[in-house]
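Please read these notes with the structure open beside you.

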Amino acid sequence: MPTTPSTYDRSAQRARNLLIQEVVETRQRARLGGWFYGVAAALAFAVTGFSTGYRMSALLVIGTLLALAVVRVLIPVPAAPDEREARRYLRTLWGVVLATTIVWGSFSAWSQSALPEPAPLIALLFSGAFGMALAHTLCMRRLPSALAILGVMVPTLVVLWREVALSVGAMWIVYMAYMLLVMRRSHREYRARLELEEDLRQQRDLFATQSRVDGLTLLPNRREFSESLEQAIVLAGDGRALSLLILDIDHFKRINDSFGHVAGDACLVEFSRRLQASFDGPGELCARLGGEEFGVLLPADCTVAHARAERFRETLAQSPLAFDGVQDVVTTSVGCSRFDASRHTDAGALYREADAALYRAKMGGRNRTERAL
């Protein structure tokens with residue numbers, strides 16, 4: 001079916017856009033959160049007065065956590081990454097996040113037995129805060145997020161279970177399970193929001209495209225053609241050549257009456273394909289203006305434009321169109337006009353002149369090209 005490739009393309013583009021947006025949001029959230037681990041470790045050591053017995057440990061732990069925070073910021077990401085680059089970036093970033101949580105979890109567990117009060121309590125409180133922050137903010141991917149939460153919580157759980165009390169360990173397990181449930185819910189909400197925003201963007205882009213493209217032939221429509229014509233006239237005012245062709249399929253009603261409207265639509269599509277193949281040079285634009293009427297903008301003088309229109313018309317008349325299982329000779333009438341700043345005050349004047357030439361071509365027997373007078 002003709003719609004299959006475009007449907008596939010839209011689906012693939014949607015998946016790419018979702019992935020790129022995930023990269024953007026993961027990067028923003030991960031860059032901010034990384035610094036707090038080093039700050040929390042510094043606060044835990046600060047209550048010990050950074051005494052000689054803990055100075056080297058403090059430098060090692062705080063330095064490692066801050067270095068990991070710097071790495072989060074410095075991981076390079078292309079301005080417009082493709083899928084492969086985006087996935088590689090996410091794997092690298094999540095690797096750094098997991099390393100950070102493992103370092104923090106190990107420090108928190110160590111502090112329970114190695115540091116004097118209230119340092120263990122500070123580390124314990126920050127572990128809970130970090131675990132919940134991960135559940136809420138770094139919920140983009142369930143498995144890495146769950147591993148990060150476990151990296152923060154499990155080492156402390158082992159110490160609490162063995163050295164404090166089973167009931168305290170059980171409390172920590174309940175807290176950890178709650179974090180995982182919160183993360184799962186946050187992940188669902190995040191994906192729903194991400195997909196809704198992408199759907200809205202795609203719908204907006206689709207509406208914008210549909211407002212400028214003919215839905216049947218996929219050529220620019222009259223609105224797009226009119227704006228392009230006005231822009232071309234501005235450029236032509238600086239002395240650049242500009243010609244306008246208006247084409248009309250001869251006796252198109254006969255095709256609809258003889259073969260049906262489906263065949264008529266197929267004829268329009270095939271005619272559009274031939275037209276676009278003939279006028280596809282730099283600065284050239286083909287459009288469907290409505291019904292069986294088409295327009296072509298050419299950055300050329302009227303002699304060249306007339307010759308090319310004649311070549312298209314003759315080739316079309318000599319080569320039957322194949323559409324909807326039918327082969328039929330289709331001809332066209334063409335009106336040709338060249339922009340002249342001294343005579344054309346606006347796009348409408350140029351268009352009316354080409355349209356008048358098209359009318360003369362029809363009145364002269366059709367299947368012919370007429371220049372503007």
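**Notes on a predicted model**

1. Strands S1 and S3 (residues 293–298) run antiparallel and are joined by six bridges. One place to look is Ser 243, whose bridge partner in S3 is Leu 298.

2. S1 also pairs with strand S6 (residues 332–338), again in the antiparallel sense, over seven bridges. Here Leu 245 has Cys 336 of S6 as its bridge partner.

3. How many residues of strand S1 (residues 243–249) are buried? Seven of the seven are, so S1 is largely enclosed by the rest of the structure. Buried here stands for under 20% relative accessible area. Both faces of the strand are covered. Ser 243, Leu 245, Leu 247 and Ile 249 lie on one side, while Leu 244, Ile 246 and Asp 248 lie on the other.

4. Turning to the rings, a search of the whole structure gives 14 aromatic pairs. One of them is formed by Phe 259 and Phe 323, an edge-to-face pair with 6.2 Å centre to centre and 80° between the planes. This pair links distant parts of the chain, since Phe 259 is in helix H8 (residues 252–259) and Phe 323 is in strand S4 (residues 321–323), 64 residues apart.

5. Are the two partners buried or exposed? Phe 323 has a relative accessible area of 3%, so this residue is buried. Phe 259 has 34% relative accessibility and therefore counts as partly exposed.

6. Ring pairs also build a cluster. Its members are Tyr 37, Phe 45, Trp 104, Phe 107, Trp 110, Phe 126 and Phe 130.

Definitions and conventions
Residues are numbered from 1 along each chain as its sequence is written. This is a predicted model: local features need pLDDT of at least 70, side-chain atom pairs count only at pLDDT 80 or more; totals for chains, interfaces and linings use all residues. Side-chain values use heavy atoms; hydrogens and water are left out. Rings of Phe, Tyr and Trp (its six-membered ring) pair if their centres lie within 6.5 Å; planes under 30 degrees apart count as stacked, over 60 as edge-to-face and the rest as tilted. Helices (H or I, at least four residues) and strands (E, at least two) are DSSP runs, numbered from the N terminus. Buried means under 20% relative accessible area, exposed over 50%, partly exposed in between (1.4 Å probe, protein chains only). Two strands pair if DSSP finds at least two bridges between them.
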